[in-house]
Amino acid sequence: MQDSKETTERALRELPSTSSLQEFQRKLYTKAKAEPKFRFYSLYDKTYRKDVLAEAYRKEKANGGASGVDGETFEQIEMRGLPGYLAELQLEMKERRYQPQPVRRVYIPKANGKLRPLGIPTIRDRIVQTAFLMVLEPIFEADFSDSSFGFRPQKSAHGAIREIYKYLNCGCVEVYDVDMEKYFDTVDHSKLMKLLARRITDGQILHVIKQWLSCGYVEDGQHRQSTTGTPQGGVISPLLANLYLNPVDHAFERERLGTIRNGSIHLIRYADDMIILAQKNLDKGIALLHHDVERLSLGLNQEKTRRLRMETGTSVDFLGFRFYSAKSWKTNKRLILVSPSLRSQQRCREKIRTLLHHTIPRRVKDQVKDVNQFLRGWVGYFRVGHASAAFHRVNNFVNKRVRHNLQRRKGRHGYGWGRIDSDYIYGHLGLFYDYRVCRL
């Protein structure tokens, strides 16, 4: 086992460097940006370059993840020999024998208590999708709008939150909170392929992508075909999802709705989550959105999609954050504040309850390590804005959970305020305490 591990590590070190790959990607982006109507050809042979497949493997190994329908793991691949595995995959792609397998469907809980279907491709398919992504992403990145923030290089959820905060503070208080109806399940394959073909003429690239879209999924041992949608969980799915909604982004730019003359109407989108903000004439933005959504054969969830005006006491949630309007007690002026939404705070408390409980057969110190790992991610995400009050509540909640846990293990009730001091909780047990906030 040790010899196998050393062989794999040596093989990874000997794989080609990424410098030439980065230069290639830069050239693709520059060409696409300089010539918006240029259609790229002869790309397929770039996807099975040795350096591309090597980097694709590195990325997927770093991401980890479960195995697909074939049950193959990274450990099994490396036990058999990584260089040989990549060479075999390269030959398979070169000879155009590569055939994707259906994804393995699992379900993960959503914030509303429902389940979201997730498709897990095989590791082999994830490597090829990553290779395609590294070649195609620079091309489509040159076309994507600055108003799109989801699953893109140099873009983030925090970027979307800052953009919304900026426009709300600039007086764009007319809001259209949009909820798409089963977006990832309703993407029309033929329309998506036409959008791809606007930039890509390489027939084999388009053929393989079409195979990924239609290869279906396995659930309860049954193989089911896919006629619409992009499977959530595929490496290339976020790029395809962004590409499909790109016409909506560009419609707002083309109509110049963001100008003050037209009402300063702005669309901010993170994947299929989107919101429209306007100083006036919000109806123009709503009409344009509905028109383009219908053209793409998509729909809005009419129960959750709503229109509002950000006045004192009103709020809107986006990506787990809550934007709400309040008055300054010092100046009596309107303020826009941003903090974790009530639902996000509730989910945080629910997660802490599952990690920290006196019935869990683990030492309190080990439970605290698990809680710390969760809190670092949760607090790191919600640190931007005005989260001090929410963080104070979370800190109090987890502090009391630890105290209650310690007390129950000693057969006592209460929180042990006179018995357990803060030095023991934050010093000996090492409970997380970095609740600093950052300005938007």
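**Cavities, a pocket and a mixed sheet**

Gln129, Ile209, Trp212, Leu213, Thr230, Pro231, Gly234, Ile236, Ser237 and Leu240 line the largest cavity (a cavity is a set of points, on a 1 Å grid over the protein atoms alone, where a 1.4 Å probe fits but cannot get out; lining residues have an atom within 4 Å of a point). The model is predicted, so to speak of local features pLDDT of at least 70 is needed, side-chain atom pairs count only at pLDDT 80 or more, and totals for chains, interfaces and linings use all residues. Residues are numbered from 1 along each chain as its sequence is written, and side-chain values use heavy atoms, with hydrogens and water left out.

The largest cavity holds about 70 Å³ of space (a volume is the space filled by probe spheres set on the points, which are joined across faces, edges and corners). Helix H11 (203–214) gives the most to its lining, with three residues; helices here are DSSP runs of H or I with at least four residues, strands are runs of E with at least two, and both are numbered from the N terminus. By class, this lining has six nonpolar, four polar and no charged residues (Ala, Val, Leu, Ile, Met, Phe, Trp, Tyr, Cys and Pro count as nonpolar, Asp, Glu, Lys and Arg as charged, and the others, Gly among them, as polar).

The structure holds two cavities of 30 Å³ or more. The second largest cavity has a volume of about 30 Å³, and its lining includes Gln129, Trp212 and Pro231, residues that also line the largest cavity.

Now to the open space. The second largest pocket has a volume of about 630 Å³ (a pocket is an open set with protein on both sides within 12 Å along at least five of seven lines). Of its 21 lining residues, Leu195, Arg198, Asn246, Pro247 and His250 lie nearest the centre. H12 (237–254) supplies the largest share of this lining, five residues. The lining has nine nonpolar, two polar and 10 charged residues.

An open sheet of four strands runs in the order E2-E1-E4-E5, with mixed pairing (two strands pair if DSSP finds at least two bridges between them). Strands E2 (115–120) and E5 (222–224) stand at the edges with a single partner strand each, so one side of each is left without a neighbour in the sheet. Strands E1 (residues 103–109) and E4 (residues 217–219) pair in the parallel sense over two bridges, and Arg104 has Val218 in E4 as its bridge partner.
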